[in-house]
Amino acid sequence: MVSEATTARRLIVDDNAVTGVLAATDRGPAVFATDRVVIATGGIGGLFLHSTNPAGSVGQGLALAARAGAVMADLEFIQFHPTALDSKSYPLKLVSEAVRGEGAILLDENGDRFMANEPGAELAPRDIVARAVWRHMRAGHRVFLDARRAKGLDVARRFPTITAMCREAGVDPVTQPIPIRPAVHYHMGGISVDTRGRTSVAGLWPCGEVTCTGLHGANRLASNSLLEAAVCGGFVAQDVAATASTRRRKPALPDGNVGSDPTSVRPILSRAAGVLRDGEGLRAAARALYPLAVPQHAASDPAIVGLMIVMAALRRQESRGAHARTDFPDRAHLARHSTLCLTDALETPHMADRTFVSPARGRLPKQAA
Ligand SMILES: Cc1cc2nc3c(=O)[nH]c(=O)nc-3n(C[C@H](O)[C@H](O)[C@H](O)COP(=O)(O)OP(=O)(O)OC[C@H]3O[C@@H](n4cnc5c(N)ncnc54)[C@H](O)[C@@H]3O)c2cc1C
């Protein structure tokens, strides 16, 4: 059976095993009794003010799984695309790396090529370019991608879609530099899985961007998330098919009345969990998100996801891949995954200052499975 226009609101769990899904349909709430659920709800960009993801990508699958008790992994690793077209639209449109590949360069409003002395310059990896652009913006500059300076590039012919998209936003890349900014693009972290795609909750599998398989590490390379989703989704399909359905229990009804409005969460997360993070900002965000995370609040689900991201970022006291801490700029000797449950995130914000300054507890979280 396919149920269209249906939004999963809650997983119903009994004794750490899925027994059903509570959903909102256009005919009102509905309960689906099942002992096998696959979550494929995509990323989290919609929790930020600037993202290339659809506004509805607010990590609802993370909230569903976290409320069911599932373990999350590497939530702090969020990829920022360095060159989203800076406009008022949501989501922001992408000006792909290929334009830099053809020779376009990054300039500020004074024509200063501020990346010229960085290793790799404009062709450095996404995280390095995103940090350089963000630092320059924080210093009060506007940043542009100038395709006019690429020798021999006929931008309108080589990139017709990007040219049309820019012109729609009032910028002609043939005659003008393109205003750009970093934007949340992809979540490397997600629901933790084993090699069969299973979570810590019996009968629950995730696939696609909502999952943390570990395959993308701390810093996904471009163009491989669809491949991962297809390959790992295949493992999940095999495992679901090989898992016998036990006699379905009548699910106990949870309270499905939880908020999903990300509006109040976006500025908090954007400020604290952006391209550059620090302990003070992350602790302030945890304190601001905590009161929004109560079930009655309109932002409840986005707030718990934001809180888990912030707590994971606080715990990782190093800079690695897409996670850059100005107060911990070095990479730790040992690369480790991080894991976190919703209960950890809900218990700790009020103790954030004490808990995360202490090196004994605050260093790095335990190894993921
Ligand atoms: C602009 C852009 C360009 C990209 N380019 C590339 C590329 O070139 N190569 C590459 O590999 N990757 C690329 N990516 C990344 C890739 O597109 C995503 O990682 C991938 O599409 C995620 O797929 P998914 O199936 O996990 O989630 P999605 O495709 O986001 O699908 C999630 C679905 O779940 C639904 N949903 C959410 N919550 C609920 C709920 N509670 N109940 C019911 N349904 C729900 C949503 O409505 C949506 O239909 C790009 C991403 C963006 C934004």
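Which residues have the most contacts inside the largest nonpolar core? In this predicted model, they are Ile 39, Leu 47, Met 72 and Leu 204, in a core of 55 residues. A nonpolar core is here a set of buried Ala, Val, Leu, Ile, Met, Phe, Trp, Tyr and Cys residues joined through side-chain atoms within 4.5 Å; buried means under 20% relative accessible area, exposed over 50%, and partly exposed in between (1.4 Å probe, protein chains only). Two or more residues of this core come from each of strand S2 (17-25), strand S4 (37-39), helix H1 (60-67), strand S6 (78-85), helix H7 (265-272), helix H8 (279-289), H9 and helix H10 (342-347). Helices (H or I, at least four residues) and strands (E, at least two) are DSSP runs, numbered from the N terminus. H9 supplies the largest share of the core, 11 residues. Because domain 1 (7-77 + 188-362) and domain 2 (80-184) both give residues to the core, it lies between them; the domain bounds come from an automatic or database domain assignment. In soluble globular proteins, nonpolar side chains tend to be buried together.

Residues are numbered from 1 along each chain as its sequence is written. Local features need pLDDT of at least 70 and side-chain atom pairs count only at pLDDT 80 or more, whereas totals for chains, interfaces and linings use all residues; side-chain values use heavy atoms, with hydrogens and water left out.

Helix H9 spans residues 300-315. Its 16 residues reach 22 Å from the first C-alpha to the last, close to the 22 Å expected at 1.5 Å a residue, where the expected span is 1.5 Å times one less than the number of residues. Since 16 of the 16 residues of H9 are buried, the helix is largely enclosed by the rest of the structure.

The structure holds 18 salt bridges, each defined as a side-chain nitrogen of Lys or Arg within 4 Å of a carboxyl oxygen of Asp or Glu. One of them joins the side chains of Arg 316 and Glu 76, at 2.5 Å from N to O. This pair links distant parts of the chain, 240 residues apart: Arg 316 is in the loop between H9 and S13, and Glu 76 in the loop between strand S5 (72-73) and S6. Arg 316 is buried at 1% relative accessible area, and Glu 76 is buried at 0%. Arg 131 counts as buried at 17% relative accessibility, as does Asp 127 at 11%. Salt bridges that share partners join Asp 74, Glu 76, Arg 316, Glu 318 and Arg 320 into one network. A further salt bridge connects Arg 113 and Glu 122, whose closest N and O atoms are 2.7 Å apart. Arg 113 is partly exposed at 36%, whereas Glu 122 is buried at 4%.

Backbone geometry was also examined. Most residues other than glycine have a negative phi, and most peptide bonds are trans. The peptide bond from Tyr 90 to Pro 91 is cis, with omega near -5°; Pro 91 is found in the loop between S6 and helix H2 (97-101). Asn 16 has a positive phi, near 60°. This residue is in the loop between strand S1 (7-14) and S2 and is partly exposed, with a relative accessible area of 41%. Phi of Ala 121 is also positive, near 45°. Ala 121 is placed in the loop between strand S7 (105-108) and helix H3 (126-138) and is buried at 12%.

On the surface, Leu 227, Val 231 and Phe 235 form a nonpolar patch with about 280 Å² of accessible area together. Patches are made of residues with over 30% relative accessible area and no salt bridge, like charges being joined within 9 Å and nonpolar side chains (Val, Leu, Ile, Met, Phe, Trp, Tyr) within 5 Å. Accessible areas come from the Shrake-Rupley method with a 1.4 Å probe, and for residues only the protein chains shown count as cover. Phe 235 lies in helix H6 (residues 225-241) and is partly exposed at 40%. Val 240 is also placed in H6 but is buried at 18%.
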